[in-house]
Amino acid sequence: MPPRHRPPEALLATLVASRGRSERLTHTEHLPARLARHAPWPDTIRPEIRAAALELGIERPWAHQAEAMLLAASGQTVVLATGTASGKSLGYLAPVLSDLLAGTEAANGRGATALYLAPTKALAADQRRRATELAPTRVRAALYDGDTPPQEREWVRQYASYVLTNPDMLHRGILPAHPRWASFLKALRYVVIDECHSYRGVFGSHVSQVLRRLRRLCHRYGSDPTFLLASATTSEPAAAAERLTGLPAVAVTDDASPRGPMVFALWEPPLTEHVGEHGAPVRRTATSEAAYLLTDLVAGSTRTVAFVRSRRAAELVALQAQDNLDDSLAGRVAAYRGGYLPEERRALEHDLQSGRLLGLASTSALELGVDVSGLDAVLLAGYPGTRASLWQQAGRAGREAQGALAILIARDDPLDTYLVHHPEALFARPVEATVLDPDNPHVLAPHLCAAAAELPLGEADLKLFGPSTAQLLPVLEQRGLLRRRSDGAWYWTRRERAADAVDLRGSGGNPVQIVEVSTGRLLGTVDAAASHTTVHTGAVHLHRGRTYLVQHLDLETSVALVEAANPSYTTSARDTTSISVLSTDRTVEWGEGRLSFGSVEVVNQVVGFLRKRISTGEILGESKLDLPPRTLRTRAVWWTVTEDQLLDATIPFDLLPGAAHAAEHASIGLLPLFATCDRWDIGGVSVPLHTDTQRPTVFVYDGHPGGAGFAEHGFHRAVEWLTATRDAISACECDRGCPSCVQSPKCGNGNDPLDKAGAVRLLTVLLAGAPKPPGEPAGSDSASDGTGGGTEGQVGATAG
Ligand SMILES: [Zn+2]
Ligand SMILES: [Zn+2]
């Protein structure tokens with residue numbers, strides 16, 4: 001039976017009508033088709049480029065592409081923040097290649113150069129192909145990364161005019177060797193930063209300092225390149241681009257590319273008979289629900305991809321669908337996960353395109369590597385973490401004229417619950433921002449050393465590297481890393497390479513290596529900060545979608561020895577946490593309540609772990625662990641209420657710990673809706689009476705030394721963030737708290753105590769004193785659970 005194309009409304013109606021599912025659809029959004037808006041080519045785009053574009057079937061650019069081209073040519077830092085498949089590449093490539101082409105007419109054949117940065121090697125390789133399609137051969141585009149053979153590197157430095165690389169290579173390979181790149185840097189006209197929303201948190205903070213080092217060297221060589229950035233749609237793209245580059249930026253956000261109509265459904269799986277921690281009701285898992293929906297869609301001959309979070313889930317969903325289908329159809333469902341060979345991927349693409357394959361259960365789009373599009377339906381088992389990934393995955397469905405169906409199936413967590421009950425957070429303007437903090441001294445210090453090694457640091461450089469620089473330089477001098485000479489400049493005086501001291505993707509501390517015992521293979525690493533919680537002895541650890549059992553965590557050597565396993569239980573660490581305020585930077589009075597932002601010290605000790613049966617959440621047992629406490633100095637946002645407010649909210653003191661703890665859990669769950677972080681990036685502590693504030697206090701902190709900008713963003717967006725938190729809790733239909741609202745899978749206190757109703761009253765009384773949010777009444781947002789390197793805990797509420 002060939003695939004059939006049915007209108008998405010009809011597909012959805014069928015799904016809802018069968019198997020008693022009428023209660024599960026929480027919202028249907030009809031996204032109308034969008035017609036293309038074109039604009040003429042700007043005069044600055046060379047005829048050769050226009051001709052090459054025409055060869056590719058592009059007569060004229062879309063309006064947003066033309067706008068970006070004009071801004072680029074005028075030397076303006078510009079960030080193109082439009083949807084997937086909106087031709088962002090052409091928007092920056094046309095002006096870049098035009099200038100490079102003009103540069104080939106210079107006496108040395110290289111009058112202009114450009115640098116392209118992508119977060120991954122694969123993306124850089126793909127972009128090189130696109131550049132060569134658009135540019136005549138005399139524009140020499142070349143990859144420069146860890147795989148470039150030494151004999152080719154010299155050629156790239158001397159002759160290439162468009163160099164495609166990644167921030168790590170720029171940091172380690174190019175900037176420290178800048179004299180060999182002198183002629184390239186002298187002619188540098190553009191720096192392209194692709195997928196710039198991926199430069200967030202600590203990694204983003206590092207990259208922002210690498211870009212400042214690049215700008216400083218360019219200045220020395222007499223060039224002043226224009227920065228062109230491409231981003232997924234986020235809120236405040238210009239502000240993020242400014243923080244990343246240190247330059248004022250203009251955002252182009254009005255997407256003029258065409259789009260087919262889409263029906264986007266929000267779906268909440270039903271509560272089951274099972275009970276979890278403290279008797280909480282448990283919903284059917286999103287993966288299990290996805291398997292049923294995939295079954296029905298395939299049975300109706302609808303080509304569908306179901307996106308899931310892990311390799312195991314991909315296999316389970318495919319298997320379950322195959323079991324449910326009769327023999328003639330079972331063979332037309334497959335799983336896709338990482339690690340496939342290129343020819344296997346091509347075969348899958350071909351089978352989906354031809355219709356031989358009707359259903360595919362796959363891990364996330366980033367891992368997908370398969371070029372599938374034009375599907376009839378896409379299932380998303382759980383919110384993929386950001387709107388950018390959501391639209392990337394949903395965007396796999398739909399051909400130009402025909403409509404497509406996308407269904408977001410909520411997982412059992414507060415962010416997913418919030419989203420399926422607050423569609424405006426997904427379909428109105430974006431609320432999540434790309435957050436980074438270049439001023440973090442832990443990030444800045446090694447880059448000042450690297451910069452000094454590249455060229456001595458003078459007074460004039462202080463401003464470029466930000467306000468913390470002046471205080472840090474004497475500290476680095478004391479540590480014997482830099483030396484100030486009589487000319488007033490700071491020099492790097494050690495023998496080793498300064499740039500080697502920092503790994504842009506690490507987050508401080510020796511990462512723990514995950515080694516498979518039977519093969520001796522290094523599977524990957526986890527940050528030191530998260531290691532006690534995630535790879536302690538006895539932990540069940542999910543790594544790149546595979547499940548392992550940790551046999552031993554050796555802190556001396558920073559190695560976790562693991563073995564592949566398939567246990568019927570998960571583990572969750574138990575810990576104790578204390579927090580103290582080191583300094584308060586900002587405070588806002590919210591009536592009697594108070595919101596603050598500043599520096600804190602968090603002392604956390606993992607003391608044991610629980611084993612829970614996967615199918616039911618039932619607790620199988622608890623084991624003790626003997627791990628040393630860890631101290632983290634970081635940035636936090638915290639709020640307090642007064643005793644009078646507790647009276648108003650009818651929260652007696654014995655209920656306060658549970659109310660504050662529940663509010664803390666849910667707020668950690670919702671912060672990722674506003675700032676692109678995940679649960680490992682933040683942690684929280686709730687305290688009925690805190691020594692430093694002398695009040696009931698809830699803290700949410702960055703899980704990285706020195707902070708990463710997430711808590712600060714929470715401080716600035718606190719009204720919307722905490723309003724969404726309260727709404728998420730009250731939207732949940734459970735009676736006394738469940739994983740969809742106030743329970744956290746990573747709670748260091750075993751989700752005890754928690755008071756759902758108290759949390760709603762507490763947040764309400766706090767928000768009553770808050771300023772009204774800007775704009776319309778809170779089209780707010782939400783996020784997923786959150787703990788980890790930032791663990792999440794609660795202090796002093798109950799004994800132990
Ligand atoms: Zn609930
Ligand atoms: Zn907790």
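Arg153 lies over the face of Tyr144, 5.5 Å from the ring centre. This comes from a predicted model. The protein chain has 800 residues, and 59% of them count as buried. It folds into 26 helices and 30 strands. The points below start with charges and rings, then turn to the chain as a whole.

**Charges over rings**

- Arg153 sits over the face of Tyr144.
- Arg485 is placed over the face of Tyr491. Here the distance to the ring centre is 4.2 Å.

**Aromatic pairs**

- The structure holds 11 aromatic pairs.
- One of them joins Tyr199 and Phe203, whose ring centres are 5.5 Å apart. Their planes meet at 65 degrees, and an angle over 60 counts as edge-to-face, so this pair is edge-to-face.
- Tyr199 has 1% relative accessibility, so Tyr199 counts as buried. The cut-off for buried is under 20%.
- Phe203 has 15% relative accessibility and therefore also counts as buried.
- Phe264 and Trp391 form another pair, with ring centres 5.4 Å apart. Their planes stand at 75 degrees, so the pair is edge-to-face.
- The Phe264 and Trp391 pair links distant parts of the chain. Phe264 belongs to strand 9, which covers residues 262-267. Trp391 belongs to helix 16, which covers residues 387-394.
- Phe264 counts as buried because its relative accessibility is 0%.

**An aromatic cluster**

- Three tyrosines, Tyr92, Tyr116 and Tyr162, form one aromatic cluster.

**Overall shape**

- A compact globule of 800 residues would have a radius of gyration near 28 Å. The protein chain has 27 Å, so the value agrees with that of a compact globule.
- The C-alpha atoms fill a box of roughly 80 × 75 × 60 Å, taken along the principal axes.

**Contacts and surface**

- Consider contacts in the protein chain between residues at least 6 apart in sequence. Of these, 75% join residues at least 24 apart.
- The protein chain exposes about 31500 Å². Carbon and sulfur atoms supply 51% of that area.

Key:
Residues numbered from 1 in each chain as written. Chains lettered and ligands numbered in written order. Predicted model: local features only at pLDDT ≥ 70, side-chain atom pairs only at ≥ 80, totals over all residues. Heavy atoms only, no water. Phe/Tyr/Trp six-rings, centres within 6.5 Å; stacked < 30°, edge-to-face > 60°. Buried < 20%, exposed > 50% of the residue type's maximum accessible area, 1.4 Å probe, protein only. Helix = DSSP H or I, 4+ residues; strand = E, 2+ residues; numbered from the N terminus. Lys NZ or Arg CZ within 6 Å of the ring centre and 35° of its normal. Rg over C-alpha atoms; globule rule 2.2 N^0.38 Å. Contact = heavy atoms within 4.5 Å. Areas by Shrake-Rupley, 256 points an atom, 1.4 Å probe, with all protein chains shown as cover.
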